[in-house]
Amino acid sequence: MATALTITTIRDLGNFEKLPKEEKTFLTKGLKNRSLFPALPEPDEDDWLSSHSEMKQSQDSWWQRFQSFISPVREKKKNIYLVPLGEKWTTSEVELDKTGTKESFLSLLQRFASVFFTGFQVVVLPSVSIAKLKCKTRRHHGHKQLLIPDIYKYLQSKWPSDAFCVVGITMMDLYPRESWNYVFGQALPSAGVGVFSFARYDPLFHEEDRAKVVSSNTSTLVLWRSCKVMAHEICHLFALQHCVFFSCAMNGSNHLEESNNRPMFTCPICLHKLKSRFAFNMKERYQAMLEFCSSVEDENFQGATIWLQKAIEKLS
């Protein structure tokens, strides 16, 4: 077993003396608040930490990695670009409540990313057809898959001058190399590009009757899962590595169940990294996330709403 469960110390938070008093208290007390920030559970044999050696990334080690990976020119950019890959899914909508209120799936992803990465602009570019992508593909267990290195090449060739990072998002399955079955997503921090797939987050992914898969609507479950993987992968582009301190949005995952159990929110250590980069007000950011999550009638988003209310109370 290649686990790296670790004892968290206040030293891992780095220097937080310049933070407002409420935020300092929230971070330091959060290290011991297991109701708000649960401990990372012992991994099962199929879980990520059973097959991947992960070292803890403190605030200081994150900053060293950020400076070594991110050029000074790119560091000044404050735009995150999302590039939809494939066209059929980009017009889908999510039914938000029992009254039938709907919103574009892409619009919801953009709104969530804008809140999660408060301080940056999140821009959705026009969708790119698979033919235009000129990406190598293969069939794997009946599903068409896209080769990630080819996607990276395309994204780098279309790099906007004001971009901090450019991220491909798709409903098609992905693979990084021939020997791998699939991945949910990958990111290349040094190049500022990443790609992630929502395909396997759809309960209909393994449906053999393809006629059932064609729908103009996306479920709130898919939205929940997609928001989490999107935030996770974009965080990698800001040099955050997988978290081994707490149950955290930055935990690694080997399979769908493990990904489902990963929370939407970061632990105190990872939160301070984001705070250092984005300079947001923690309470205001959580309030904006609460507004987003409470607008979706779904048990997962309702659970997130309860968590956010508790976090906001601690910051008040």
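The structure is a predicted model, in which local features need pLDDT of at least 70 and side-chain atom pairs count only at pLDDT 80 or more, while totals for chains, interfaces and linings use all residues. Residues are numbered from 1 along each chain as its sequence is written, and side-chain values use heavy atoms, with hydrogens and water left out. Helices (H or I, at least four residues) and strands (E, at least two) are DSSP runs, numbered from the N terminus.

**The sheet**

- Three strands form an open sheet in the order β5-β6-β8, with mixed pairing, where two strands pair if DSSP finds at least two bridges between them.
- The edge strands, each pairing on one side only, are β5 (137-140) and β8 (173-175).
- Neighbouring strands of this sheet are turned by 40 degrees against each other on average, direction ignored; axes are lines fitted to C-alpha atoms, for helices over the stretch in contact, and angles run from 0 to 180 degrees between N-to-C directions.
- Four bridges join β5 and strand β6 (residues 143-147) in the antiparallel sense, and Thr137 stands opposite Leu146 in β6.
- Helix α6 (residues 148-157) packs on the sheet, where it touches β6 and β8, and its direction makes about 55 degrees with that of β6; contact means heavy atoms within 4.5 Å.

**Helices α10 and α11**

- Helix α10 (residues 282-294) packs with helix α11 (residues 299-315) at an angle of about 155 degrees, and their axes are 9 Å apart.
- The two helices α10 and α11 are therefore roughly antiparallel to each other (angles under 35 degrees count as roughly parallel, over 145 as roughly antiparallel, 65 to 115 as roughly perpendicular and the rest as oblique).
- Among the residues that meet are Tyr286, Leu290 and Cys293 in α10 and Phe301, Trp307 and Ile312 in α11.

**Helices α9 and α10**

- The axes of helix α9 (residues 268-278) and α10 come within 12 Å and cross at roughly 105 degrees, which makes α9 roughly perpendicular to α10.
- This contact is made by Leu271, Leu274 and Lys275 of α9 together with Met282, Arg285 and Tyr286 of α10.

**Thr305**

- Thr305 has its place in helix α11, and because its relative accessibility is 11%, Thr305 counts as buried (buried means under 20% relative accessible area, exposed over 50%, partly exposed in between, with a 1.4 Å probe and protein chains only).
- Leaving aside its neighbours within four places in sequence, Thr305 is in contact with Leu290, Cys293 and Ser294.
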